[in-house]
Amino acid sequence: TQDEEYEELVMDTVEGGTITAAVFGIVKGMVGPAVLYLPRGFATSGYGVAIPAMLLATSSYLYCSTRLLQCWKIESEKIHLRAEKMEEVQRLLGDINHLYGSVEIESSQSVESQKKIELGPTLLTYPELARRAFGEYAFLISGGIAAMQFGVCLTYLIFVPQNLSESARAFGIDVPKQVLLVAMLVIVIPLSWIRDIRKLTPINIVATIFIMFGLASVIFIALFDSDGLRDTHAVERGLELNLVQEIVRLPALKDTWYLFIGTSFFCFEGSITLLVPLQEAVYKREDRERFSSVNNKVITSIVSFYVIFATICWASFGNSVQTALTASLPRGSLSTMVQVAYSIAVIFTFPLQAFPALEVVTRRHDSKESDGEHKFKRDVTASAIICFLGLVAVIAIDYLGNVVSLLGSLVGIPIALIYPPLMHNILVRGSSKTTRIMNYCLAGVGLCAATASSYTTIVSWDRGVEG
């Protein structure tokens, strides 16, 4: 059948394709350096805001991701229906050519080649669905995704110098963060010139291993090796508090609570854009049908881990915990290893994070341009953009928390909360009136939240400084 042939084609062209591979993709897209920003977010907002904000952001994200997958289902069915009709037309044309004495071999080859083309439907991605929904205005979504990815790269350029500067102090060496930033640029700019994303696979695997090691080590240190970082006020009163007592004493509300609104949505920056390609890559029909529920369960589990992780680290490292969490670890060999490992992981993740955005910005528009000319222009453009990000990083080197919050508010909320429900109202025309009203309401709430949180982050910028 048509579906079976398409499944075979996808199995041949897509690496992975099972529901298990999709789960790993969801985890990889969700769990990254951003998890380290949460303890600082909890500390600046209080658990009375942070935990409800995470729950609200998660429920809103899951609602919108479900709507996005419904858009994918409708458009995917259209593609398959079009392919079936085209195959039927080609079969009829082949029969006519055979009856009228046309060369059967040429006809057969033509039909077969056309069939291969039609069986490989347009790859559905978030930007492609946006193009089908919004037409010429889809550039706002593509531009927003590119801006978000460049913004994440900006946080990397701040995160690594903070990390390495702290690890250098463990050896009695005081290296300015700006110097370490320049050294990082020297490494990541040549890596950004790589055009074949498959060449990044080995360093991506190394980065994943280092991130897992770093997370496990941070949890170990927070649970068993952070006695020297307990609340100094409690120490002055002669109180020996264990971790549970520290958690109970955490404040419910801080006067900088609004900074966490954007941070809560920044956590989903890598998930929403990967959602449709991961669904597209699942080739078995039964797995496709349950992908949405699997995605919801995986995301819910990860967010639950995030809340526990952030609370434990906040209680262990105190209210002075930095946005770059690993820079707040107590001095010691394990802490230094974690700081170096996480820095290497982030450096290796940088080119993979920047790749899709660079492809959007440097897309070839002149068909007459040679490959060599295009590669040269792409490399120059990539280098210029990363140098510009480096310049911004120098200015915002002590404001990583603010950068994360602003990115989540200004770019993350529209991508995760505003566009998907609006796309659903346009593409899924058979949806109920109640669903359409809910979609409009959620998009409106997202617009208000993005505007308010962006404004408050900007006007109170100096309150988020980190020494």
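1. In this note, buried means under 20% relative accessible area, exposed means over 50%, and partly exposed lies in between, taken with a 1.4 Å probe and protein chains only. By that rule Arg132 counts as partly exposed, because its relative accessibility is 23%. The structure is a predicted model, in which local features need pLDDT of at least 70 and side-chain atom pairs count only at pLDDT 80 or more, whereas totals for chains, interfaces and linings use all residues. Residues are numbered from 1 along each chain as its sequence is written, and side-chain values use heavy atoms, with hydrogens and water left out.

2. Salt bridges (a side-chain nitrogen of Lys or Arg within 4 Å of a carboxyl oxygen of Asp or Glu) number 9 in a search of the whole structure. One of them pairs the side chains of Glu128 and Arg132 at 2.8 Å, N to O. The two residues are separated by about one helical turn, because they stand 4 residues apart in helix H6; helices here are DSSP runs (H or I, at least four residues), numbered from the N terminus. Glu128 counts as buried, because its relative accessibility is 13%.

3. Arg131 also belongs to helix H6, which covers residues 126-134, and its relative accessible area of 44% makes it partly exposed. Its side chain is joined to that of Glu128 by a polar contact of 2.7 Å, a polar contact being a pair of N or O atoms within 3.5 Å, where within protein one must be able to donate a hydrogen and the other to accept it, and where residues adjacent in sequence count only if both atoms are side-chain atoms. Arg131 and Ser142 lie 11 residues apart in sequence and 9.1 Å apart in space, C-alpha to C-alpha.

4. Two further salt bridges deserve a separate look. Arg331 pairs with Glu166, with 3.6 Å between the closest N and O atoms, and this pair links distant parts of the chain, since Arg331 sits in the loop between H14 and helix H15 (333-361) while Glu166 sits in helix H7 (residues 139-169), 165 residues apart. Arg331 is exposed, at a relative accessible area of 55%, whereas Glu166 is buried, at 13%.

5. The other bridge joins the side chains of Asp398 and Lys177 at 3.1 Å, N to O, and it too links distant parts of the chain, with Asp398 in the loop between H16 and H17 and Lys177 in helix H8, 221 residues apart. Asp398 is partly exposed, with a relative accessible area of 25%, while Lys177 is buried, with 15%. Elsewhere, salt bridges that share partners join Glu75, Lys78, Glu128, Arg131 and Arg132 into one network.

6. At least two lining residues come from each of helix H3 (38-45), helix H12 (259-266) and helix H17 (400-427).

7. The second largest pocket contains about 350 Å³ of space. Its lining has 14 residues, and the closest to the centre are Trp72, Lys73, Glu77, Arg288 and Glu289. Helix H4 (47-99) and helix H14 (285-317) each supply at least two of the lining residues, and H4 gives the largest share, with 8 residues.

8. Two serines may be checked in the model. Ser264, in helix H12, is buried with a relative accessible area of 1%, and its side chain reaches the backbone oxygen of Ile261 at 2.6 Å. Ser65, in helix H4, counts as buried at 0% relative accessibility, and Ser65 and Pro421 are 9.0 Å apart in space, C-alpha to C-alpha, although 356 residues apart in sequence.

9. Helix H13 (residues 272-281) is mostly covered, with 8 of its 10 residues buried, among them Ile272, Leu275, Val276 and Leu278.

Definitions and conventions:
On a 1 Å grid over the protein atoms alone, a cavity is a set of points where a 1.4 Å probe fits but cannot get out, and a pocket is an open set with protein on both sides within 12 Å along at least five of seven lines; lining residues have an atom within 4 Å of a point. Grid points are joined across faces, edges and corners, and a volume is the space filled by probe spheres set on the points.
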